[in-house]
Amino acid sequence: MEFVVENGEGLSNANSFVSVEEADSYVAAFVEEDSGWSSKTKKEKELLLIRATRFLNTLIRWNSNIQNKNQALAFPRKTFYDSEGRAVPEGVVPEIIKQFTAELAVESINNKLTLETEKLLIEKFGDTQDTYAAPVVRGGSEVVRRIVKELTHLGYGSSRTTFVTLYRA
C-alpha cells in the first residue's frame, strides 16, 4: 500500500493526516523516549500512521463538512470555528489533528486503540459487593479518551459515545 499524506487538497487516495517526518519531530519533542517509535523503520511508522489516521478519522462526529465529496479522509473540511472562535480554514489538516495522529500511532505500538470502557458504581461478587464513591472507569485507552475530550472541548466535533447499562446476574 502506498503511503499518501493528505496535503489539504482533499485527496481521494490519502491515507495519513501526517508525514513520517512530521510525526518524528512531534514524537521527539513531546513523547517519552521509551515509546518504541524511534526503533521502528520508516515502513513500520507509515503503517502505524495509516492505522492511527483510520482510527482518528471516525473517532468523533466532526463539525463542518468535508471539503470535497471524493476525499478519502475527514480532513480537510469546510471552514468552521472552534470553541474559542478561531477559524479552522478549509484546505488544511489542522496541526492538532497531525499531532493526535502521531500520538495515536505511538499509543498503538503497545496498546490497542479503543474507546470502549465501562463505568462501574457497584460490583457484586456472590453475596458481597463493592460500592464506589464515583464511577470507576475500566478499559479503553487513556490516550484515546484524552484526545476525544480535547477535540470535543476544542469544538472540532462531538463524541460518538453510546451508553449501555449491563446487569450481571
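Guide: Let's start with lysine 42, which is partly exposed, at 48% relative accessible area. This is a predicted model, by the way, so every value here is computed from it. Glutamate 21 is also partly exposed, with 47% relative accessibility. These two form a salt bridge, and their closest N and O atoms are 3.6 Å apart. Look at where they sit: lysine 42 belongs to helix α2 and glutamate 21 to helix α1, so the pair links distant parts of the chain, 21 residues apart.

Now hop over to arginine 146. Its salt-bridge partner is glutamate 103, with the closest N and O atoms 2.1 Å apart. This pair links distant parts of the chain too: arginine 146 is in helix α4, glutamate 103 is in helix α3, and 43 residues separate them.

Glutamate 150 forms a salt bridge with arginine 146, the closest N and O atoms being 2.9 Å apart. Both are in helix α4, and because they are 4 residues apart, about one helical turn separates them. Glutamate 150 is partly exposed, with a relative accessible area of 28%. Through shared partners, Glu103, Arg146 and Glu150 end up in one network. Across the whole structure, a search finds 7 salt bridges.

What about the helices themselves? Take α2 (residues 42–57) and α3 (residues 95–110): their axes come within 8 Å and cross at roughly 115 degrees. That crossing is right-handed. Among the residues making the contact are Leu48, Leu49 and Leu56 of α2, along with Ile97, Phe100 and Leu104 of α3. Sorted by class, the contact has 11 nonpolar and 3 polar residues, and no charged ones.

Leu56 and Ile97 turn up again in the largest nonpolar core, which has 40 residues; they are among the members that touch the most others, together with Trp62, Phe75, Leu151 and Tyr156. At least two residues of this core come from each of α1, α2, β1, α3 and α4, and α3 gives the most, with 7. Setting aside neighbours within four places in sequence, tryptophan 62 is in contact with residues including Leu56, Phe75, Ile97, Leu151 and Tyr156.

Key: Residues numbered from 1 in each chain as written. Predicted model: local features only at pLDDT ≥ 70, side-chain atom pairs only at ≥ 80, totals over all residues. Heavy atoms only, no water. Axes fitted to C-alpha atoms, helices over the stretch in contact; angles between N-to-C directions. Left-handed = near helix turned anticlockwise from the far one by under 90°. Contact = heavy atoms within 4.5 Å. Nonpolar A, V, L, I, M, F, W, Y, C, P; charged D, E, K, R; others polar. Core = buried A, V, L, I, M, F, W, Y, C linked by side-chain atoms within 4.5 Å. Buried < 20%, exposed > 50% of the residue type's maximum accessible area, 1.4 Å probe, protein only. Salt bridge = Lys/Arg side-chain N within 4 Å of Asp/Glu carboxyl O.
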